[in-house]
Amino acid sequence: MKLQHPQLVDLIQMAYSAEKAAAFAYIGHAASVKNKEEKIAIKQIEIDEWNHRDEVMLLMKEYDIPVSKWYELKFHVIGKIISGSCFVIGWFMPFYFAGRLESGNVCEYFRMKHYFNSLGIKKHDVVLYEMGMKEKEHEVYFLSKIKTHKWLPFFEKVFSWGNNKSLNSIK
């Protein structure tokens, strides 16, 4: 079945490729931290991102949506750059930007759900809800690591995410 919803198709293609970028970023992030528990937690988040990519691929196959070569290239490069930067930008910024990224990803899966529902398709509601909530768990984890850091108020003001601002309304 072909989807007649260009925004949904684009969002699915972008999500598929962006999950790879996130996983790559977490590979570098986990390797750059010293704390064993943080390494384990970030590695699990990386695994979650690969699992999300697999779930999105199932949607793509079901609706005959091709992988976007542009998104794959773009997000591959972004993920690798972020992964490498984790070794040179200190510990705060990888945690901050991971949390901010995850905050926006929550909306991605709820928008997909909304778009599917607008087409009368509800069979993906549970998996899309679960992926959105998993992204929220990731956001909460990363914020918990930096919530008292002295730089957070400045970053929150500049990048609109932190203790008092989120890119989603999920509590």
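The protein exposes about 9200 Å², and 61% of that comes from carbon and sulfur atoms (areas by the Shrake-Rupley method with a 1.4 Å probe; for residues, only the protein chains shown count as cover). What you're looking at is a predicted model, where local features need pLDDT of at least 70, side-chain atom pairs count only at pLDDT 80 or more, and totals for chains, interfaces and linings use all residues. Residues are numbered from 1 along each chain as its sequence is written, and side-chain values use heavy atoms, with hydrogens and water left out.

**Overall build**
- The protein has six helices and zero strands (DSSP runs numbered from the N terminus: H or I of at least four residues for helices, E of at least two for strands).
- Its radius of gyration is 16 Å, close to the 16 Å from the globule rule for 171 residues, so the protein is as compact as a globular protein of that length (taken over C-alpha atoms; the rule is 2.2 Å times the number of residues to the power 0.38).
- Its C-alpha atoms fill a box of roughly 50 × 30 × 25 Å along the principal axes.

**Packing**
- Of the 171 residues, 48% count as buried (under 20% relative accessible area, with a 1.4 Å probe and protein chains only).
- Take the contacts between residues at least 6 apart in sequence: 79% of them join residues at least 24 apart (contact means heavy atoms within 4.5 Å).

**A look at S83**
- You'll find S83 in helix α3, which covers residues 69–85.
- S83 counts as buried because its relative accessibility is 11%.
- Neighbours within four places in sequence aside, S83 is in contact with F24, A25, I27 and G28.

Methods: Buried < 20%, exposed > 50% of the residue type's maximum accessible area, 1.4 Å probe, protein only.
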